[in-house]
Amino acid sequence: ASDPFNHPSRSSSSFILVGVPSLEAFPTCLGILFCSGYIIALVGNGVVLLVIGVDRSLRDPIHCFLGMLAVIDVVMVTSIIPKMLSIFWLNSTEIGYMACFVQMFLVHSTTSGESGVLLAMAVDRYVAICHPLRYQAILNHRKIAQIGLAIVVRALLFMVPLTGMVTNLPYCRSRVVPHSYCEHMAVAKLACTDPRPSGLYSVAGSSLIVGMDMAFIAVSYGMILKTVLGKKSCWKAFSTCGCHICVMLLYYIPGIVSIYAQQFGSGISMHVQVLLADLYLTLPTMLNPIVYSMRTKQIRQAVHKML
């Protein structure tokens, strides 16, 4: 009855992160896998930010959005992977009470922000290809700043209530979180009251954000393909749009499956749920600099010039 791991008070100062449940016997392999992904994400996004910051010719809207995406990717992976590596390699499984909720806020607000930036980039390509003569007038610097602000505000409007709901729950059960980071549903399930309101809010909010963004992205790329069909640039547009859509699917599909699995997938094994959640936070941050940036001629040229 006095075991602090199973009976913490509401004011408990820490949680215990398991890592990947049922795969605790492979910490070195998991650590190498995620450390490699972290290094690739940091180097790739760091190069993008450095090039955009140094080269004054890269100030058009698409490169501003690429810079936003790189910042979000760096924050996203940095909020989870260093702690994951300390779990795998140092057996440092404890995370402070407030640190856990800060991590939760960063992880879920950056996922919302990334979705917003992907939508903004799809709209940018639509305007550039379908309305090239009005491109500068439609997407001026003021409009870009407004779009960036709207992305941040939307993420805050979604995450502030959710974080408040989870932090206000009384935690009187086990403080062991069966996850590799403070995923909000994994933490909320430790409460001694019904966590379903926060879970339903999360599912409804995530479904609304992802559903709207994916619908507008699909419309944007559909209009682009309709515009270029039969033109000389058709195959180039197909190639570019195909790569972008593949990366988006790698981001959205694991994310959607992870959200619904946490809430409704009692038949899905826990380690599969955790690996899915880790995948949709890590894999896109590695691929985004390659697909969205290094395939852009201006950025390739700027990298060559800098080297």
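**Cysteines and helices**

A disulfide here requires sulfur atoms within 2.5 Å. Bear in mind that this is a predicted model.

Is Cys29 buried or exposed? Cys29 has a relative accessible area of 55%, so the residue is exposed; the cut-off for that is over 50%. Cys64 falls in the middle class: its relative accessibility is 24%, which counts as partly exposed.

Now the bonded pair. How many disulfides does the structure hold? There is one disulfide. Cys100 and Cys182 form it, with their sulfur atoms 2.0 Å apart. As a reminder, a disulfide is a covalent bond between the sulfur atoms of two cysteines.

Where do the two partners, Cys100 and Cys182, sit in the chain? Cys100 is in helix α3, residues 97-130. Cys182 is in the loop between β3, residues 176-177, and α6, residues 184-188. The two cysteines are 82 residues apart, and the pair links distant parts of the chain.

Why is this disulfide of Cys100 and Cys182 called left-handed? The torsion about the S-S bond is about -120 degrees, so the disulfide is left-handed. As for accessibility, Cys100 counts as buried because its relative value is 0%. Cys182 is also at 0% relative accessibility and therefore counts as buried. The limit for buried is under 20%.

Next, the annotation. An unreviewed UniProt entry lists several stretches as "transmembrane region", among them residues 25-52, 64-89, 95-123 and 144-166. I checked two of these against the model. Over residues 25-52 the chain is 93% helix and 0% strand, and the C-alpha atoms at the ends are 42 Å apart. The span 144-166 is 100% helix and 0% strand, with 33 Å between its end C-alpha atoms.

Last, the helix pair. Helix α1 covers residues 27-54 and helix α2 covers residues 61-90. Their axes come within 9 Å and cross at roughly 155 degrees. That angle makes α1 roughly antiparallel to α2, because the class takes angles over 145. The crossing of α1 and α2 is left-handed. What residue classes make up the contact of α1 with α2? The contact has 22 nonpolar residues, six polar and one charged.

That's what I have.

Conventions:
Residues numbered from 1 in each chain as written. Predicted model: local features only at pLDDT ≥ 70, side-chain atom pairs only at ≥ 80, totals over all residues. Heavy atoms only, no water. Helix = DSSP H or I, 4+ residues; strand = E, 2+ residues; numbered from the N terminus. Buried < 20%, exposed > 50% of the residue type's maximum accessible area, 1.4 Å probe, protein only. UniProt positions renumbered as here; feature names shortened; annotations may be inferred. Axes fitted to C-alpha atoms, helices over the stretch in contact; angles between N-to-C directions. Parallel < 35°, antiparallel > 145°, perpendicular 65-115°, else oblique. Left-handed = near helix turned anticlockwise from the far one by under 90°. Nonpolar A, V, L, I, M, F, W, Y, C, P; charged D, E, K, R; others polar.
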